[in-house]
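Please keep the sequence and the structure in view while reading.

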Amino acid sequence: MHNFQAQDHFAEGAQYIAGRLTEGTSGRTQAVVDPATGDTVHTYELAGEKDVDAAVAAAAHAFPEWAGATPGERSDALHRFAAVLADRAEEFAQAESLQCGKPIKLSREFDVPGTVDNAAFFAGAARHLQGQSAGEYSGDHTSYIRREPIGVVGSIAPWNYPLQMAAWKVLPAIAAGNTIVLKPAELTPFTSLLFAQAATEAGIPDGVVNIVSGAGRDAGERLVGHPDVAMTSFTGSTGVGKRVAEIATATVKRLHLELGGKAPFVVFDDADLEAAVHGAVAGALINTGQDCTAATRAYVQRPLYDAFVEGVAELMESVRLGDPFDPSTDLGPLISHVHRDRVAGFVDRARSYARVVTGGEPLAHPGAFYKPTLIADAAQDSEIVQSEIFGPVLVVLPFDSDEEGIRLANDTPYGLAASAWSRDVFRANRATREIKAGCVWVNDHIPILSEMPHGGYKASGYGKDMSAYSFEEYTQVKHVMFDNTAVVRKDWHRTIFGDR
């Protein structure tokens, strides 16, 4: 059982603007539903355009002071922030599992510690924002590069990892001296609000971190299109990402998009079969498959194919579904009954052209549970192989030559993540070179690190979360050039007026 009571935390509202909770002004309410039970755990007023405007104004007001703080001062504040997050780790874990249905062991051992580590990383990064060293590149001038904060960042995060996505958006932005307005998914606002409150507790000034909990069509579009927002970072589906890009283009914003995925899991015939089976089940089922880097397409070289299918099916059938707050639960529900039905629709349509090896049905339970599902014998161009399902569904296909395996791995619009399984270093290295994805794991699938970037190729978007690469994206590059000659009339002036 949990002891997180939303009403105790958010009685004053689910908007966090200029350092305090307020009610939304849209005139519409939103229920936060525990997907493991179907019970409403909190109802709040959604943000409207006025709330977005107020949050942007608060961020704009806070920007000059925060941008003018020294790197050391911002670093100290972020170190305090990491400490507050660590002190409140259990509270964050319970809130995350309640609103998302995540098994508590996943929240405690993955989401929360990863977020604390992100905060610690960007606390260090705040002191290492440097441009190119000064130099006399023209001979007559000294040039150097300044990296400056951009301004107010307006970011939109999804419902699958609300806490981690809040951290991925907020931390690099504020470490670089920007201020931010974050819109979490309206289904899952709890941990984003707690995150912003923790920032205030750590001494980060009011208005640096603001949260607007609203719907995408009003609060989200208002935020992305706001003339005082200088940059937008969006994580979500490719379809919505295209709409975000359209709106951002109208005001020529800096834009970062982390979109959908359909990660291939390529098993060569010299792979450790047992390791690949375990990796596939873990990689496919993390967060109930609601992960844009989840293993969704397993391509297995024909000599191992039958044994792989058998092994994955057997292991999937041992996975324990149930109460997310039971420490022994392996797999929680999907985010909602609507989404569960969407996942079931993909599987049910696939029955006409593929074989459901195991799973393929909801659990007889009031919650939005769906059994771990393995599908075989689908064609490469079928819906189940090409479309992002975002559920506990793995499709497995055979291949013959290495060339074919890599070609099939690249044969979707997406390119976020992939893995290659082989004991041959040359074979694995070839796969890492030729698979078009932002991350390629070898003999593993899923681990992420604060020090390393996360972001995609192709329809999976552009830009990076985490790492120094992410940090740099939240800065403006400025070239400063000093004349060193003190000469009134420069030689190049003759190209405009007069003679040499």
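## The loop around G289

G289 is placed in the loop between α10 (273–285) and β12 (295–301). Helices (H or I, at least four residues) and strands (E, at least two) are DSSP runs, numbered from the N terminus. The model is a predicted one, in which local features need pLDDT of at least 70 and side-chain atom pairs count only at pLDDT 80 or more, while totals for chains, interfaces and linings use all residues. Residues are numbered from 1 along each chain as its sequence is written, and side-chain values use heavy atoms, with hydrogens and water left out.

With a relative accessible area of 3%, G289 is buried. The term buried means under 20% relative accessible area, exposed means over 50%, and partly exposed lies in between (1.4 Å probe, protein chains only). Leaving aside neighbours within four places in sequence, G289 is in contact with A284, A294, F390, G391 and P392; contact means heavy atoms within 4.5 Å. G289 and Q197 are 92 residues apart in sequence, and their C-alpha atoms are 30 Å apart in space.

## Nonpolar cores

A nonpolar core is a set of buried Ala, Val, Leu, Ile, Met, Phe, Trp, Tyr and Cys residues joined through side-chain atoms within 4.5 Å. The largest such core has 67 residues, of which F81, I174 and F195 touch the most other members. Helix α6 (residues 162–175) supplies the largest share of this core, 10 residues.

Which residues does F195 contact, leaving aside its neighbours within four places in sequence? They are F81, L85, F92, T115, L163, A166, A167, V170 and L171. There is also a second, separate core of 28 residues, and Y299, F346, V393 and F399 are among its members.

Most residues other than glycine have a negative phi. M466 is not a glycine, yet it has a positive phi of about 60°. This residue lies in the loop between β20 (461–462) and α16 (467–473), and it is buried, with a relative accessible area of 3%. S467, which is not a glycine either, has a positive phi of about 70°. S467 belongs to helix α16 and is buried, its relative accessible area being 0%.

T475 lies in strand β21 (residues 475–483). Is T475 buried or exposed? T475 counts as buried because its relative accessibility is 1%. A polar atom of the T475 side chain lies 2.7 Å from the backbone oxygen of E472. Apart from neighbours within four places in sequence, T475 is in contact with L129, R147, E148, I150, A176 and R254.

## A nonpolar surface patch

W492, I496 and F497 form a nonpolar patch on the surface, and together they have about 390 Å² of accessible area. Patches are made of residues with over 30% relative accessible area and no salt bridge; like charges are joined within 9 Å, and nonpolar side chains (Val, Leu, Ile, Met, Phe, Trp, Tyr) within 5 Å. Accessible areas come from the Shrake-Rupley method with a 1.4 Å probe, and for residues only the protein chains shown count as cover. W492 is found in the segment after β21, and it counts as exposed because its relative accessibility is 56%.

## Salt bridges

Side chains of opposite charge can pair when their charged atoms come close. A salt bridge is a side-chain nitrogen of Lys or Arg within 4 Å of a carboxyl oxygen of Asp or Glu. By this rule the count comes to 28 salt bridges. One of them joins R351 and D348, with the closest N and O atoms 3.3 Å apart. R351 is partly exposed at a relative accessible area of 41%, and D348 is partly exposed at 42%.

E361 forms a salt bridge with K371, where the closest N and O atoms are 2.7 Å apart. E361 counts as partly exposed at 38% relative accessibility, as does K371 at 28%. R430 forms a salt bridge with E434, and here the closest N and O atoms are 3.1 Å apart. R430 and E434 are separated by about one helical turn because they are four residues apart in helix α15 (residues 425–434). R430 is partly exposed at 22% relative accessibility, and E434 is partly exposed at 29%. Salt bridges that share partners also join D269, D270, D402 and R427 into one network.

Definitions and conventions:
Polar contact = N/O pair within 3.5 Å; in protein donor to acceptor, adjacent residues only side chain to side chain.
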